Every structure is written in C-alpha cells, then in structure tokens.
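Here is a guided walk through one protein chain. Keep the sequence and the 3D view side by side as you read.

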Amino acid sequence: MEETDKNNITTSENLIKNEELPSSSPPPPPPPLPPQSTIVTKSKVKEEPLKIILPENFKFKEAEKSFSIIPGKPVTYVPFVFTFKNQNSKLKYSKAIVSSKWMIDGENIEKLLHYSNNSSAPTISFTPQKEHSGKQLIFEIKISPLIFEQPENKSNNIFSKLFNKSSSNNNNNNNNNNNNNNNNEIPIIIEYKHKILFEKSRELLKINEPLNNNINNQYRIIQYNILADCYVSDSWYTQSPSYSLRWNSYRSFLLIEQILQYKADIVGTQEVDRLYWQLFKEMNVRGGYDYYPSYVNDSNESPQTTMGGFNNRYREGCFIFFKKDRFNLLQGLEIDYTKINNPDQKLLKRELVEILIQDPIYKSCITHFLEHSSHHVHHALVLLQDKQTKQKIIVVSKHMYWGSQGYNYHIQCVQIHLFTMILSNFIQVNKLEKNIPIVVCGDFNSSPDDSCYNFMTKGLTMNDDHHLTLAGKYPPAFNSSQFDNHPEIKSIKHEFNFSSSYSLRPDGEPKFTIVSRAFTGNIDQIFVSKDRFKVNNVLEIGEKQDYKMLPSLTLASDHILLMTDLELLPSSQS
C-alpha cells in the first residue's frame, strides 16, 4: 500500500473519531418525547364542524369545558368518543344525558354505542367499521347543565348560576320551567355531522401467474416501519391533529387493523416501541401470530421496560411476526451490532472480527458508531419451518443505520457487509442448505440508487464507489495476501442471490415508501432469494397525492406498508 493511502486512511479515521457519538441523539426526525396522555384543547374542538345550541346567557367557553369529542373527524376502526366532564364539581351521571340520537345515513346505530359510567367523565363511544366508510355520521345529544352536585359556598360555577336563576323566579315561572325543561334541566344541544374516513384501497398488482394452486408453497409477506412513539411529537408532525398522534387512543387502532386485514403469513416490522403492548396482544390473540424477539407480559396491558434482548438502552427495535398455525420457530437470532466487538458474541467468529477491525474504517464503524448507538443497531432473524411442507425459511427484519451527519452511507455499507457475514455464519453454524429460501424485510434508510441496495442485489461492492470510499479505496487494508483465506473480506461481496420484490413492477421500484416532513423517497424493501421464490403479486403504493403527508388521520405511520405474495420454488430449480 502506498504511503499516501495510509495517510488518507488515518485522516479519515480521525474524522470519524471526532464525530459526535450518535448514542445521545435519535435518528431524524428528532422531535422531543410527547406526553403519554391524550389532551384535547379548545382550539381542536372549535376547528371541527360542530354546532352547539346553548340556552340564553350560556357562555360558550363554559360549555366547551364540559365536553370533548375525539377524534374530531370519525375514522374507521378508531373509537369515536363523546366525553362529558366538569373540572369543578361531581357529576350525576344518571342525569347527564337528557336524550341522544346517533344515525349513519339514516340508520339508527344506538345499539352499536358503548356507554361508560364513569363518575368523573362519563362517555359514549362508537367505533366505525369498514362498511361505514364514506357514510355520514349524524350525532345529536342533549345534555343538562343542571346535573351537578354543587359544592357549598361556590356559586361562581356557570351551572350553579343557571340553576339559581331558574329557581329564583316566581313560582309560576318555576312551574313553567319544570314543564318545559324536565325538572329545571336546561338542555345543551350538540349537533355533529361528518363523513367517516377510511384509508384509500390499494391495488394488488399481479407480477406473475402462480405455477400451480398449491397454497402450501405460497407466502404473503408484509414489511412495515410502524413509527415508534418516541419519535412522535406534535411540534414535528404539525400536519396532523394532536389527538391523531397518540398511540394508545388513536394510532394503535388504525395500525393494528391495517396489518391484520391483509392476513399475511409473515410480518417484518421496525420501530416497534416497547410501549406498544396492544400490538403484541392483538397480533397474537386476533391474528394468530407468534413473534420474535420476545415481548414480556403482552397480556398485562402495560408498557414494558425491556423486551427480548432489549434493555433500557433500546426504546424501539425490529420484530418478526409469523402465523403460529403455519410455522414452527426453530431458531432466533438477535443481531445486536453494538456487541460485534465483544469477546463473547456469537454473531461472527472472533478471528474474523479481529481481522475486520485491523482496517481503520471498519474499526471506526464497529467500535465507535455502531457500538455506541442506541438506534438502528438491533435487528431480528428467525429460522422458521413450515408445518405442512417442512420447508425451512430464514426471515430477517432490518433497520439500517442513520444518525451521523456525513457518515451515514459509509456506516451502512459496513453494517450491510457485516449482516451478510452474520447470515453466512448462521447458515453454517446451523448446518442449513446453502440455497435456503431467505426473506429480508427492512427500512434500509437508503434508496435503490445507493450502495446498500446494489450490494444486496449484485452481491459485490465496487472499490471506487463514491458512497463507500473515505480514502479513495475501500477498504485498502484488506488487500493484503494474509487475508486470502477469508474471501468474504478479501473483496466486499456475498454469496446470496437477492432481488427486490418491488423492482419487478412494470415501472420498477416505486418513487417513495415514506412521505414525511423530513424526507420523501424509497427506503423500504423486501429482498427475497430469487432462485427460491417467485414474486406473484405486490401491493401497489399509489400516487403521492394519495398520501400528502404522513402520518395522517387514516394512516398511522410515516412509512407505507409493503406487501408481496411469494411462491416457493424447488431447490432443484435454483
């Protein structure tokens, strides 16, 4: 190696070392953590097409403090909740509602309502279903302001004033009020009309005809970055009402239904927040899915402080869900890139790691960036066996590194090379066939024009790739003859024959898989072993105007759900 190359490498390594550690900052976008509780502000209520008919002299601001409606626009699968509340006195729920009328396109839906008798905040709720989409919800309710037990010596409450005003009139007037207003109750009438929103349907695009009708050889795969709650804030996602960003009261209802409706065999997910206990419970109970890594106490309806190999360092990570009536989990592997350099790690042979870190670029990426990162470094791999065919399949969920300005693509290239070596080692250790079917789902944080995509699909990295080079050659330290016994690092390549499912669309890869304030582009993929799988269908993404900006009232993530239908090919056909 020439002396100039060595100097360049040393300079590049110093630049990397001087870069601020990413462990203290989340990937872009970096909004602050939101409050966990749902808050409805007065401005949100007033913005909606809501008509309030009040008695004379009744102040709107006082009435507004007495109830809330979430969401402002009814959305399929999201509970529509009317809550009557008062901050200053105890509510007599039995008298709260004088009368109510709930209609959808002229049909009475009162039998679908749910009543909650909570003394501090009684509610009426209704959950629109898919068959209600596009129809008009008409909601009229009469509530009485005279349904409070007023504390002694507190006459400044507007309800108390109304009551005193009515009862202080002469007996004749009082009798009239009794007859007209049901024992002195002066009803507040709330009228609400709105179309029920639903996610626009997406077309299933046929790529190939099935070879046969053997359903045992067909698999439906979903890839979805579901947006971790720790990356959501009102200040960042300003295009959406604040209530629609809350996981517990809104996003969870949308996202879980969106996944379950496709009845996939395998679902690869990223940014699964450890607060998302509803996802694990519903996928298990309603969807019939098992999952890896483990999520402790998924039936306790409470957030977890740890999940799988996650500790308090990881707020979110990658998970794989698979139909438990179709697959057995033979082996699981948590790919934690922070532990690559640990002496007791089982991901790669220690001898190979020691060779890798001889190169200054690999050393900086492994021991500095990846080792000290708290995001995008914890991936999941499973070895599944089909219960019917006994076919073994490897499935991976990945979320590639992002978060260090100026070095993201360099670190990604090291990370993707490490991944293929880890995958090869896993196959070797478990004595699997070399051409075992493999599915790699992920948010790769890089586009089809970038090096990671090319490395996955072509199996080889070019030494002059400008995305890879820090010193003009990448990595020059591996050119030494001492590495002749390690072909996986002698040249940066892998032995897998991957292709992207969505690249088979007539116009190639879609233009975008994420539509957010920070970025719009294609960064999510489903890679498959093209000599073992035939792609029959993909779920079309649609046009940019179909999404505008995500997350939205009807889509709970800033990423778009990808789905493909695969058909297993016999090993002899490879």
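The paragraphs below go from the whole chain to its sheet, its helices and a few single residues.

Start with the overall picture. The model is predicted. The chain has 574 residues, and 56% of them count as buried. Its secondary structure comes to twelve helices and 26 strands.

Now find the seven-stranded sheet. In what order do its strands lie? The order is β12-β25-β26-β13-β14-β16-β15, the sheet is open, and the pairing is mixed. Two strands form the edges: β12, at 204–206, and β15, at 289–292. Each of these pairs on one side only. Strands of a sheet pair through backbone hydrogen bonds, and they may do so parallel or antiparallel.

Strand β13 covers residues 218–225, and strand β26 covers residues 562–568. The two run antiparallel and are joined by six bridges. Pick out R220: its bridge partner in β26 is D565.

Helix α6, residues 247–260, touches β13, β14 (266–273) and β15. Its direction makes about 160° with that of β13.

Helix α6 also has a helical partner. It packs with helix α7, residues 277–285, at an angle of about 35°. The two axes are 10 Å apart. The crossing of α6 past α7 is right-handed. Which residues of α6 meet α7? They are W247, N248, S252, L255, I256, I259 and L260. On the α7 side, the residues are Q278, L279, E282 and M283. By class, this contact has seven nonpolar, three polar and one charged residues.

Next, look at another helix pair. Helix α9 takes residues 360–370, and helix α10 takes residues 408–429. They pack at an angle of about 95°, with axes 10 Å apart. Angles from 65 to 115 degrees count as roughly perpendicular, so α9 and α10 are roughly perpendicular to each other. From α9 come Y362, C365, I366, F369 and L370. They meet H410, I411, V414, Q415, H417 and L418 in α10. By class, this contact has eight nonpolar and three polar residues, and no charged ones.

Move on to strand β18, residues 378–386. Is this strand mostly covered or mostly uncovered? It is mostly covered, with nine of its nine residues buried. Both faces are covered. One side holds H378, A380, V382, L384 and D386. The other holds H379, L381, L383 and Q385.

Strand β18 has pairing partners too. Strand β17, residues 327–336, runs antiparallel to β18, and nine bridges join them. Within this pairing, D336 has H378 in β18 as its bridge partner. Strand β19, residues 392–399, also runs antiparallel to β18, with six bridges. There, A380 has S397 in β19 as its bridge partner. The hairpin of β18 and β19 has five residues between the strands. In this hairpin, K390 takes a positive phi near 65°.

E316 is in strand β16, residues 316–323. Why does E316 count as buried? Its relative accessibility is 6%, and buried means under 20%. E316 and D229 are 87 residues apart along the chain, yet their C-alpha atoms are separated by 8.7 Å.

S240 lies in the loop between β13 and α6. At 8% relative accessibility, S240 is buried as well. Its touching partners are L245, P551 and S552, leaving aside residues up to four places away in sequence. S240 and L553 are 313 residues apart in sequence, but 6.9 Å apart in space, C-alpha to C-alpha.

The last stop is S501. Where is S501 found? It is in the loop between β21 (498–500) and β22 (514–515). S501 has 0% relative accessibility, so it counts as buried. Leaving aside residues up to four places away in sequence, S501 touches I526, V528, V535, V538, T564 and L566.

Technical notes
Residues are numbered from 1 along each chain as its sequence is written. This is a predicted model: local features need pLDDT of at least 70, side-chain atom pairs count only at pLDDT 80 or more; totals for chains, interfaces and linings use all residues. Side-chain values use heavy atoms; hydrogens and water are left out. Two strands pair if DSSP finds at least two bridges between them. Helices (H or I, at least four residues) and strands (E, at least two) are DSSP runs, numbered from the N terminus. Contact means heavy atoms within 4.5 Å. Axes are lines fitted to C-alpha atoms, for helices over the stretch in contact, and angles run from 0 to 180 degrees between N-to-C directions. Angles under 35 degrees count as roughly parallel, over 145 as roughly antiparallel, 65 to 115 as roughly perpendicular and the rest as oblique. Ala, Val, Leu, Ile, Met, Phe, Trp, Tyr, Cys and Pro count as nonpolar, Asp, Glu, Lys and Arg as charged, and the others, Gly among them, as polar. A crossing is left-handed if the near helix is turned anticlockwise from the far one by less than a right angle, and right-handed if clockwise. Buried means under 20% relative accessible area, exposed over 50%, partly exposed in between (1.4 Å probe, protein chains only).
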